[in-house]
Amino acid sequence: MTSPLRVVSPLLVLHLKPVLTSLPQLSRSFLSPRRLFAPINPRALLCTAAARDHGGRSGALTGPPVMEEEELVAKIDVNPPKGTRDFPPEEMRLRNWLFHNFKEVSRLYGFEEVDFPVLESEALFIRKAGEEIRDQLYCFEDRGNRRVALRPELTPSLARLVIQRGKSAPLPLKWFAVGQCWRYERMTRGRRREHYQWNMDIIGVPEVTAEAELISSIVTFFKRIGITASDVGFKVSSRKVLQELLRRYSLSENAFGKVCVIIDKIEKMPIEEIKKDLTSVGLSEDVIKELLQVLSIKSLAELEDILGSGEAIADLKYLFSLAEKFGYSDWIQFDASVVRGLAYYTGIVFEGFDRAGKLRAICGGGRYDRLLSTFGGDDLPACGFGFGDAVIVELLKEKHLLPELSLQVDNIVCALDPDLRGAAATVATILRGKGQSTDLVLENKPLKWVFKRAARANAQRLILVGTKEWEKGMVGVKILASGEQYEIKVDELD
C-alpha cells in the first residue's frame with residue numbers, strides 16, 4: 001500500500017516522516033491527501049482551556065481538538081471578541097494622535113517612559129477581598145502550572161519593577177507608561193474589556209506637591225486637545241478623611257478597605273444598597289448616618305468644623321493652594337465622597353469627571369504610600385494616576401473636538417511605462433532614504449487612477465518616471481496643491 005506521505009514532496013517527507021511515524025494515534029485517514037490539503041479552520045489552531053478545580057477559573061492550556069473534515073471549512077466570526085476593538089487605519093490614526101499627546105505631556109513634565117508585560121502573575125492583582133478587580137481578571141493557569149493574568153491596570157506592575165530595581169534607582173522616579181489593559185466587566189459607554197491606559201507615577205516624594213504636579217499634567221493634556229474647565233473638572237478628597245472619621249469608632253484596617261470599596265460605588269448604586277453593604281462590614285446605624293453626612297460635604301471649611309485641623313485637612317488645603325500656583329484652581333473641587341475603589345490608596349485621591357454628567361470618570365489617581373510592602377518590598381512614598389483611552393474619545397465626540405486625521409504622504413511615484421517600474425523603485429528608494437514618505441504605484445495604472453490615489457493620500461507631490469526624462473537622468477514633478485510642474489535630476493530630488 002502506498003504511504004500517504006508520497007503525496008508531498010520528497011524534501012517534505014524527509015522532514016515529516018520521522019515525526020508522523022512516531023505518532024501512532026494519527027489515523028491513516030488523517031494523513032490522506034484530502035485531509036493534508038483541506039482548508040484549515042483558524043479556530044482549530046486556537047488553544048482551548050481545560051477546566052480544573054480552581055474556583056471556576058480556566059485551567060492549563062491544551063492542544064487544539066481534532067476537527068471533523070466538514071468542520072475544517074467553517075467560516076470564522078469576523079468580529080473581534082466582545083469588549084475589544086479592531087484599529088483600521090482611520091482608528092489607528094486617532095489612537096496614534098492620542099498617544100502622541102499622552103507622551104508629549106509626559107515629556108514636558110520630565111517623565112521617562114517604561115513598560116511591562118501584558119501577562120503578569122495573578123498574585124500581583126489579588127490584594128484584598130472585596131475589591132471589584134478580583135472578579136474582573138482575565139486569568140488562567142499556564143502550562144507550567146503558574147497562575148497568570150492579563151493586567152487589568154499598570155500600577156502593580158510599576159510597583160513590581162520598582163522593587164526589582166531596588167536601591168539602584170535614584171529617587172525620585174518620574175515614570176510614565178501607555179499600555180493595554182484587560183478587565184472582564186459590564187460594558188457601558190466609554191468602558192470596554194480591553195483598553196489602553198496612560199499612567200504617570202512619582203515614586204519617592206512624600207509631599208502633596210507630587211499630586212499637584214500630576215493633576216497639572218492632566219490639565220495640560222486637556223488644554224492641548226481643546227478640553228476646558230467648563231467641560232471637565234476634578235473631584236478631590238483624601239482617604240485620611242475616612243480614616244480620621246472611622247478611627248473614632250475603632251474600625252479595623254481590613255474593614256476600612258471594604259468601606260472604601262463600597263463608598264466608591266455611591267454614585268452607581270441606590271443609597272439603601274450602600275447602607276446595607278456598610279452594615280454587612282460591621283458599621284452601626286449611627287456610624288453609617290454620620291459617615292454619609294460627611295461624604296455629602298463639598299466644602300473644606302465645613303469638613304474642618306467636623307474633623308478639626310488634622311492631617312487630612314492640612315494635605316487638602318496645601319493641594320488647593322498649589323492649584324492656584326499651577327493655575328488650575330477652576331478645574332478642581334473638594335468632594336468627600338471620592339475615595340477610589342482600589343485598596344492601595346492611602347492619602348489624596350482625585351477623579352476627572354465630565355461636567356455634563358454623560359460619561360463615567362475620565363481618569364483617577366492618588367497617593368499609595370504602602371503599596372510596595374504588600375509585595376514584600378520596602379514602602380516608598382508614591383502617587384500616580386490612570387487615564388483610559390476610551391472615555392476621552394467619547395468626550396471628544398460629545399464636544400465635537402475629534403481631529404480630522406487623514407492619510408498623508410509626501411510623494412506618489414509612478415512609472416509611465418511598465419519597463420520603468422525598476423526605475424520608479426529606484427526613485428522611491430532615494431526619497432525614502434531622505435526620510436520622505438513615498439507611496440510607489442506597484443501596478444500598471446492609468447494616470448487618472450494615480451491622481452485619485454494621490455488625492456486620497458493627500459500627497460504633496462506626484463513624481464512621474466517617463467522614458468525620455470529617465471534617459472536624461474531626470475523625472476517629472478507635479479506639485480499637487482498648486483499644479484506647478486517641472487523636471488528635475490534624480491540626484492537633486494529632496
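A residue is termed buried when its relative accessible area is under 20%, exposed when over 50%, and partly exposed in between (1.4 Å probe, protein chains only). By this criterion, 47% of the 494 residues of the chain count as buried. The structure is a predicted model, in which local features need pLDDT of at least 70 and side-chain atom pairs count only at pLDDT 80 or more, whereas totals for chains, interfaces and linings use all residues. Residues are numbered from 1 along each chain as its sequence is written, and side-chain values use heavy atoms, with hydrogens and water left out.

The chain contains 15 helices and 18 strands, assigned as DSSP runs (helices, H or I, at least four residues; strands, E, at least two) and numbered from the N terminus. With contact defined as heavy atoms within 4.5 Å, 67% of the contacts between residues at least 6 apart in sequence join residues at least 24 apart. The accessible surface comes to about 25,900 Å², and carbon and sulfur atoms account for 52% of that area, as computed by the Shrake-Rupley method with a 1.4 Å probe, only the protein chains shown counting as cover for residues.

Nonpolar cores were identified as sets of buried Ala, Val, Leu, Ile, Met, Phe, Trp, Tyr and Cys residues joined through side-chain atoms within 4.5 Å. The largest comprises 78 residues, and those with the most contacts inside it are Trp 198, Phe 221, Phe 222, Phe 234, Phe 387 and Ile 392. Helix α5 (residues 209-224) supplies the largest share of this core, 8 residues. Apart from it lies another core, of 23 residues, which includes Phe 116, Ala 169, Leu 173 and Leu 372. Beyond its neighbours within four places in sequence, Trp 198 is in contact with residues including Phe 102, Phe 176, Phe 221, Phe 385 and Phe 387.

Ile 348 lies in strand β11 (residues 348-354) and counts as buried at 1% relative accessibility. Leaving aside neighbours within four places in sequence, its contacts include Val 236, Ser 238, Leu 316 and Arg 367. The C-alpha atoms of Ile 348 and Cys 383 are 8.7 Å apart in space, although 35 residues separate the two in sequence.

Helix α6 (residues 239-247) is largely enclosed by the rest of the structure, because 8 of its 9 residues are buried. Among these buried residues are Arg 239, Lys 240 and Glu 244. The N-terminal end of α6 is capped by Ser 238, a side-chain oxygen of which lies 3.1 Å from the backbone nitrogen of Lys 240.

Thr 84, in the loop between β2 (58-62) and α3 (89-108), counts as buried at 18% relative accessibility. The side chain of Thr 84 reaches the backbone oxygen of Pro 81 at 2.6 Å; leaving aside neighbours within four places in sequence, Thr 84 is in contact with Trp 182 and Glu 194. A cis peptide bond, with omega of about 0°, joins Leu 171 and Pro 172, the latter placed in the loop between α4 (155-165) and β7 (173-182).

Although not a glycine, Asn 145 has a positive phi of about 60°; this residue lies in the loop between β5 (138-141) and β6 (147-150) and is exposed at 52% relative accessibility. His 400, likewise not a glycine, has a positive phi of about 55° and counts as exposed at 75% relative accessibility.

How values were computed
A polar contact is a pair of N or O atoms within 3.5 Å; within protein, one must be able to donate a hydrogen and the other to accept it, and residues adjacent in sequence count only if both atoms are side-chain atoms.
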